[in-house]
Amino acid sequence: MNWRRLNNIVHRDVGYFCVGLTIIYCISGIAVNHTHEWNPNFRITHIDMQTDPIDESELESVDTYRAVIRKLNIDDEFMNVFRPSPDKVKIFMQNGNILLDIHTGEAVYEKVLSRTILREMNYLHLNKPRSLWTWAADAYAAALLLLAVTGMFVLKGKTGIKGRGKWLIGAGVIFPIVFIFAYL
Amino acid sequence: MNRKRSFFCIAAVLALSLIMSASLFAQDEKKAGAELTIKEVTQITDILDAPEKYVGINVLIKGTVVDMCVKRGGWMDLAGDKPFTKFKVDGRPTKVLFPLDSTGKTALVEGTIVQVIQSVEEQKELLKHNAEIHGEEVDLSVIKGPKKIYQVNALGAVIKQK
């Protein structure tokens with residue numbers, strides 16, 4: 001078997017294997033690139049609501065907060081509570097929280113919904129699992145490097161690296177260098 | 001023979017993936033940063049009562065996460081043991097990022113108490129950032145000038161999931 005045939009086999013098979021992870025990293029990459037414009041992991045909405053005022057004597061009981069959640073027709077479970085000030089109470093639930101004025105009954109429901117699938121993609125892309133995933137991600141990076149190197153030698157002649165290939169590779173190297181000089 | 005070998009390779013990759021991902025399922029707690037080394041918890045209100053005494057000292061604090069940066073997980077506020085008190089935990093100086101679903105859960109955080117002087121501009125940025133997260137109006141009139149605050153620069157944290 002000549003080296004080009006081996007090169008092309010490796011490029012093909014490693015390429016197929018990397019399709020799934022490349023899609024994950026690409027979608028997540030675009031999402032987290034725009035963190036300054038949106039939250040790539042959660043969809044957070046705020047809803048003004050009204051319920052009954054709560055007496056100080058009722059604030060010790062967890063049932064009080066469960067009743068508030070039921071009264072506001074929120075389909076969620078009580079988790080914890082915090083008093084940021086004498087007037088307010090913050091009720092934490094599994095998927096959000098309620099900031100309640102105990103004297104007026106005015107409430108702001110902060111609903112927090114996970115962006116399913118995208119959040120999991122970001123979780124992997126940003127190496128949140130650590131431990132063994134770090135090695136898996138390193139192996140994927142090595143596979144991408146292998147794809148880049150083998151990709152240069154897939155074709156021969158005018159469409160190969162000695163032809164148009166060298167110009168496109170050069171342009172692809174200069175492209176990030178220009179940005180480094182422009183912004184650094 | 002080739003088909004058997006291909007099947008074996010695919011099965012091995014899937015098995016390895018399942019083993020590697022096993023630790024992600026049904027966790028009782030999530031960790032961030034380094035392992036915790038301090039055993040004794042320092043009460044947040046003890047720190048708030050005399051913060052200068054604790055500057056530069058490594059402590060372990062515990063409290064409910066009442067607020068956090070839900071975009072990147074760079075900081076959290078932990079409720080103190082007395083009402084209306086909370087304490088900031090900052091992971092950004094130490095490159096510790098907290099799990100984004102920590103709000104409302106109990107956290108143990110080990111880190112160094114530091115004193116920070118927040119400029120007027122920094123306070124404005126923080127108020128705008130918080131208002132954006134919580135959909136609130138920004139009230140910049142509360143800023144009186146540079147502010148001295150105390151916080152924990154986190155080295156490690158454990159967030160209880162239940």
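**Salt bridges and strands**

Author: Let's start with one pair of side chains: Glu35(B) and Lys31(B) form a salt bridge, with their closest N and O atoms 3.8 Å apart. Keep in mind as we go that this is a predicted model.

Reader: How many salt bridges does a search of the whole structure find?

Author: Side chains of opposite charge can pair when their charged atoms come close. Counting such salt bridges over all chains, the search of the whole structure gives 13.

Reader: Which parts of chain A does the salt bridge of Asp52(A) and Lys71(A) tie together?

Author: The side chains of these two residues, Asp52(A) and Lys71(A), meet at 2.5 Å, N to O. Asp52(A) lies in a loop and Lys71(A) in a helix, so the pair ties together parts that are 19 residues apart in sequence. Asp52(A) is partly exposed at 44% relative accessible area, and Lys71(A) is partly exposed at 49%. The parts tied together are the loop between strand 1 (42–50) and helix 2 (62–71), and helix 2.

Reader: Which residues are linked in a network of salt bridges with Asp101(B)?

Author: One salt bridge of Asp101(B) is with Lys105(B), where the closest N and O atoms are 3.8 Å apart. Lys105(B) counts as buried, at 11% relative accessibility. The network also takes in a residue of chain A, and the residues linked with Asp101(B) are Arg119(A), Lys30(B) and Lys105(B).

Reader: Why is strand 4 of chain B largely enclosed by the rest of the structure?

Author: Buried means under 20% relative accessible area. Strand 4 of chain B covers residues 86–90, and it is largely enclosed because of its buried residues: four of the five.

Reader: In which sense does strand 4 of chain B pair with strand 6 of chain B?

Author: With strand 6 (residues 147–160) of chain B, strand 4 of chain B has three bridges. Lys88(B) stands opposite Gln151(B) in strand 6 of chain B. The sense of the pairing between strand 4 and strand 6 of chain B is parallel.

Key:
Residues are numbered from 1 along each chain as its sequence is written. Chains are lettered from A and ligands numbered from 1 in the order in which they are written. This is a predicted model: local features need pLDDT of at least 70, side-chain atom pairs count only at pLDDT 80 or more; totals for chains, interfaces and linings use all residues. Side-chain values use heavy atoms; hydrogens and water are left out. A salt bridge is a side-chain nitrogen of Lys or Arg within 4 Å of a carboxyl oxygen of Asp or Glu. Helices (H or I, at least four residues) and strands (E, at least two) are DSSP runs, numbered from the N terminus. Buried means under 20% relative accessible area, exposed over 50%, partly exposed in between (1.4 Å probe, protein chains only). Two strands pair if DSSP finds at least two bridges between them.
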